[in-house]
Amino acid sequence: MAAATVLLAGLLDAAFGEPPNAVHPVAWLGRLVALLERGAPGARPRAELAYGVGAVVVTTAVAAAIGVALAIALSHLPWWLALPVGAVALKMSFSLRGLVGAGRAVQRSLGADPAAAREGLKALVSRDRDLTPTQVASAAVESLAENLSDSVVAPLLFYAVLGLPGAFAYRAVNTMDAMIGYHGRYEYLGKAAARLDDVLNLVPARLTGLLIVALACLRRRGGAALAGLRRERRLSSSPNKLWTIAPMAGALGVRLGKPGAYKVGKAERPLGAGTIGEAAVVVWQAGAVALAASAALAALVVAALWR
């Protein structure tokens, strides 16, 4: 049942993608975070930091409680009903088709309408809007690599180990980090969410980086991907960010970077719309492997608990 739930969730994601925001639990979490943000104390670092810790606790507890309630409800249903309901619930915690679709949208726009491509980039990453086409392509590829961990591998891994409560709690922390885990305006309010997100992604980011290296072998770029990972994974202030971006740059033979922050990879060929498409293929492949591996791990964890 655990393995079948993961695999069915993957099929649902591939077939239907994301539901409308009106019924999407992650959108609901976003509304809760926005509500908590509005009540935050202003211009008082210590108070903002304490409030941010409380906001993380509340948001994560709500998400985990929903996961626990669903898990208990599923345990009382017959298997033929528990399986699809559980799969739909799990699907809400990760997004593979949506991630690839956002990247493909930027790819399609880049050649014909760079302004539309820059606008479409908002679905992937928050970055300066005054980007050249090459910088747009780089940002899209970087985001596909980074979100492969955040939006696919991590929630599936937490589900395999901790069930729906784990997947939902992870998604709550990751959503908070995406909304308020920034320097500047959210320096203190979002610090707890950002730090906790870093901790939760330590293992998923590294597994995702190694997965990209393994898939790069299919392109005969495994050595370049591994070299990039070993050489460049620590060039960012984030402990996880370049674990996925550096091997992706090596796998594709391109130079990726955020202006003023980091640069990774060797420019063996130019960056463009086609590069985004190649990165999207790697993400699809990695997502399929992550689903299969998570299904196997979930089955092993459940079997171990029953023993």
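Reply: Ala, Val, Leu, Ile, Met, Phe, Trp, Tyr, Cys and Pro count as nonpolar; Asp, Glu, Lys and Arg count as charged; the others, Gly among them, count as polar. On that scheme, the lining of the largest cavity divides into 7 nonpolar residues, no polar ones and 1 charged.

This is a predicted model, where local features need pLDDT of at least 70, side-chain atom pairs count only at pLDDT 80 or more, and totals for chains, interfaces and linings use all residues. Residues are numbered from 1 along each chain as its sequence is written, and side-chain values use heavy atoms, with hydrogens and water left out.

Now the space itself. A cavity is a set of points, on a 1 Å grid over the protein atoms alone, where a 1.4 Å probe fits but cannot get out. Lining residues have an atom within 4 Å of a point. Grid points are joined across faces, edges and corners, and the volume is the space filled by probe spheres set on the points. Searching the whole structure gives 1 cavity of 30 Å³ or more. The largest cavity holds about 30 Å³ of space.

V33, L36, E37, Y51, A55, M176, I180 and L189 line the largest cavity. Helices here are DSSP runs (H or I, at least four residues), numbered from the N terminus. At least two lining residues come from each of helix 2 (25-38), helix 3 (45-75) and helix 7 (133-180). Helix 2 gives the most, with 3 residues.

Definitions and conventions
On a 1 Å grid over the protein atoms alone, a cavity is a set of points where a 1.4 Å probe fits but cannot get out, and a pocket is an open set with protein on both sides within 12 Å along at least five of seven lines; lining residues have an atom within 4 Å of a point.
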